[in-house]
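Here are a few notes to go with your first look at this structure. Have it open beside you and take the points in order.

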Amino acid sequence: MATEYKSTASGTTPEEVDPGDLAIGLDFGGSGIKGAVVDVANGRLVGDRLRAPTPQPSLPREVVAVMDGLVRRLASPWDAREGDAFPVGVGIPTAIRHGATVTAANIDPSWIGFPAEQEMSLAMRRVVAIGNDADVAGLAEVRLGAGRDKPGTVIMLTIGTGVGSALFVDGKLFPNTELGHLEMRGRDAEERISEAARDRLGLSWKDWAVGLDDYLHMLERLFWPELFIFGGGASKRADNYLSYLTIKTPIALASFRNNAGIVGAALIAYERRSRTPIPMARQPFS
Ligand code: BGC
């Protein structure tokens, strides 16, 4: 079946920005793959924000094909000289080591051990940088958003299909923390406190918030952060549950809300471009 791309205008038009500051950010989630061209100077999305459903099952080959379709559409308002030069960053919901995805909690198990960065670069014929989805969302917030200029320990949590975490000390990322998988009452925490768990368990906001509060108390006791930043789908509905939380650590909502992953992915792409040559053409997955 042909992929359906849903598009929303960002409000900033291609004519208003310097193409040299642009990169494409993609955010690979359990239900959708979202992407936009981003002005890395300020994190603003430029042109249309696109979303395509995540293929089910989410096999690497299928997912990369959808990403390639998104990238082509996103770059199309620019001429080839400019649009083809935009590097691509991808936030992926797995731990990542040496450019390969090494876990697969909410996506197809065939991502375990997949050399994602290399295969995506080959498929898209561009510089591609990958990062854990929560890590890149956290980078966007720490560099340009709610965590900007915040010293000490800052923890970003993305609450969506799974629960992702990004740990920063004085603005420096400690990657792949995977705190959503800490054990809580004998179970993986994200099985109780993700947005997907709230739906699956049919919990009221208040009942769901009790679990989230326990989890935050646990993080408080383990890390003593100066600030929590909430992102992911749940950051859009924070009014429904923030008043039930009893932790002492201040909580900020991601300034980029659910787009933090897209913005952070563009940031890592932009940084990578200065270091990596454009990959030579070869058939992907051969
Ligand atoms: C994954 C993390 C990811 C988080 C949010 C978890 O299940 O293990 O890598 O950051 O979901 O997508």
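1. Start with the side chain of Asp135: one of its polar atoms sits 2.9 Å from the backbone nitrogen of Asn176. Asp135 itself belongs to helix α4. Keep in mind throughout that this is a predicted model.

2. Which side chain of opposite charge is nearest to Asp135? That would be Arg143, but it is 11 Å away. With a salt bridge needing a distance within 4 Å, Asp135 has none, even though it is buried.

3. So what surrounds Asp135, once neighbours within four places in sequence are set aside? Its contacts are Ser165, Ala166, Phe168, Leu173, Pro175 and Asn176. Asn176 is also the residue whose backbone nitrogen came up in the opening point.

4. Look in the loop between β4 (44-53) and α1 (60-75) to find it. The peptide bond leading from Gln56 into Pro57 is cis, and its omega is near -5 degrees.

5. Next, have a look at Asp149, in the loop that runs between α4 (133-144) and β9 (153-159). Its phi is near 60 degrees, which is a positive value in a residue other than glycine. Is Asp149 buried or exposed? It counts as exposed because its relative accessibility is 73%.

6. Last stop: Trp224, in the loop between α7 (205-223) and β14 (227-231). Here too phi is positive in a residue other than glycine, near 45 degrees. Trp224 is exposed, and its relative accessible area is 61%.

Methods:
Residues are numbered from 1 along each chain as its sequence is written. This is a predicted model: local features need pLDDT of at least 70, side-chain atom pairs count only at pLDDT 80 or more; totals for chains, interfaces and linings use all residues. Side-chain values use heavy atoms; hydrogens and water are left out. Helices (H or I, at least four residues) and strands (E, at least two) are DSSP runs, numbered from the N terminus. Buried means under 20% relative accessible area, exposed over 50%, partly exposed in between (1.4 Å probe, protein chains only). Lys and Arg count as positive and Asp and Glu as negative; His and the chain ends are not counted. A polar contact is a pair of N or O atoms within 3.5 Å; within protein, one must be able to donate a hydrogen and the other to accept it, and residues adjacent in sequence count only if both atoms are side-chain atoms. Contact means heavy atoms within 4.5 Å.
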